[in-house]
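Student: I would like a close look at one part of this model, the surroundings of the ligand. Please keep it brisk.

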Amino acid sequence: MSKRIDINNLNVYYGSFLAVEDVSLAIEPKSVTAFIGPSGCGKSTFLRTLNRMHEVIPGARVEGEVLMDGVDLYGSDVDPVTVRRHVGMVFQRPNPFPTMSISENVLAGVKLNNKRISRSDAEDLVESSLKGANLWEEVKDRLDKPGSSLSGGQQQRLCIARAIAIKPDVLLMDEPCSALDPISTLAIEDLIQDLKEQYTIVIVTHNMQQAARVSDRTAFFNIAGTGKPGKLIEMNDTPTMFSTPVEKATEDYISGRFG
Ligand SMILES: Nc1ncnc2c1ncn2[C@@H]1O[C@H](COP(=O)(O)OP(=O)(O)OP(=O)(O)O)[C@@H](O)[C@H]1O
Ligand SMILES: [Mg+2]
């Protein structure tokens with residue numbers, strides 16, 4: 001539960017294109033780390049390398065180390081499926097399986113991992129995961145209805161329930177609120193605050209207020225121009241980052257004076 005991640009000198013390529021260059025940073029357990037920066041600076045690219053999700057993209061590869069509690073995720077004996085079992089991911093658009101019921105959606109990740117579980121264990125897991133995602137009260141009377149019958153904010157919490165059902169150590173979230181209204185956004189932010197008691201959380205966001213509200217530490221990425229690689233500009237605890245950033249580019253970005 002809740003692991004520390006140390007990234008050392010990570011480069012990420014799509015074929016011959018260097019998308020992210022030489023990133024080293026530490027992600028603390030039981031805390032929320034936010035990645036911010038302009039479009040195209042490589043936030044999603046970098047995030048996906050933390051559970052080897054980029055490997056589903058032909059030509060995508062990394063150089064460098066990602067250590068989880070000291071163990072390299074890219075070690076030759078490490079299975080990417082196992083990595084994804086420990087490092088869950090929530091995407092920008094809620095993506096429940098539309099034909100599956102709410103409870104089947106919660107269990108989908110567990111079943112993918114070939115875990116056989118009894119009916120009563122499955123029911124317990126559905127309930128605890130939906131409670132963990134703060135969705136239980138809204139759906140407990142219609143668990144057999146399709147996941148697609150929920151509102152966007154509920155669907156995103158369903159995806160979070162699906163992610164925590166596999167009991168990961170780390171939860172990666174790529175702009176999890178960008179498709180949601182302000183009320184659903186605050187619900188997800190509250191949930192993130194609860195989840196950090198148990199998990200290491202990394203969130204990509206374009207919303208500066210959100211980064212300031214939910215994160216303990218913030219990393220700012222930037223890009224020097226089209227075709228250039230994204231780089232980490234600075235990282236600090238969030239209050240310091242937003243009050244007294246060291247770099248001018250960070251200050252310009254967080255104050256909306258970018259470009
Ligand atoms: N599947 C892909 N194949 C090739 N290049 C890609 C792929 N995905 C992203 N890139 C390129 O990598 C760079 C970083 O993209 P990425 O999506 O990581 O940026 P981002 O910071 O997440 O942007 P946004 O804020 O718009 O989501 C961009 O130049 C992008 O075009
Ligand atoms: Mg992105």
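Student: How far is an oxygen atom of ligand 1 from an N or O atom in the side chain of Ser 39? Please go on from there to the rest of the site.

Tutor: The model is predicted, and every distance here is computed from it. The separation for Ser 39 is 2.5 Å, from an N or O atom of its side chain to an oxygen atom of ligand 1. Lys 43 also uses its side chain: an N or O atom there is 2.7 Å from a ligand oxygen. Gly 42 takes part through its backbone, with an N or O atom 3.0 Å from an oxygen of ligand 1. Taken alone, the ligand exposes 630 Å², and the protein buries 64% of that.

Now the shell. Ligand 1 is surrounded by 15 residues. The closest are Ser 39, Gly 40, Lys 43, Ser 44 and Thr 45. By class, the shell holds 6 nonpolar, 6 polar and 3 charged residues. Two elements each give two or more residues to it: strand S2 (17–27) and helix H1 (43–48). H1 supplies the largest share, 4 residues.

Last, the setting. The protein has 10 helices and 10 strands. Its radius of gyration is 18 Å, close to the 18 Å from the globule rule for 259 residues, so the protein is as compact as a globular protein of that length. Buried residues make up 51% of the 259. Of the contacts with a separation of 6 or more, 67% join residues 24 or more positions apart. The protein exposes about 11,900 Å², and carbon and sulfur atoms supply 50% of that area.

Definitions and conventions
Residues are numbered from 1 along each chain as its sequence is written. Chains are lettered from A and ligands numbered from 1 in the order in which they are written. This is a predicted model: local features need pLDDT of at least 70, side-chain atom pairs count only at pLDDT 80 or more; totals for chains, interfaces and linings use all residues. Side-chain values use heavy atoms; hydrogens and water are left out. A residue is near a molecule or strand if one of its heavy atoms lies within 4 Å of it. A polar contact is a pair of N or O atoms within 3.5 Å; within protein, one must be able to donate a hydrogen and the other to accept it, and residues adjacent in sequence count only if both atoms are side-chain atoms. Accessible areas come from the Shrake-Rupley method with a 1.4 Å probe; for residues, only the protein chains shown count as cover. Ala, Val, Leu, Ile, Met, Phe, Trp, Tyr, Cys and Pro count as nonpolar, Asp, Glu, Lys and Arg as charged, and the others, Gly among them, as polar. The radius of gyration is taken over C-alpha atoms; the globule rule is 2.2 Å times the number of residues to the power 0.38. Buried means under 20% relative accessible area, exposed over 50%, partly exposed in between (1.4 Å probe, protein chains only). Contact means heavy atoms within 4.5 Å.
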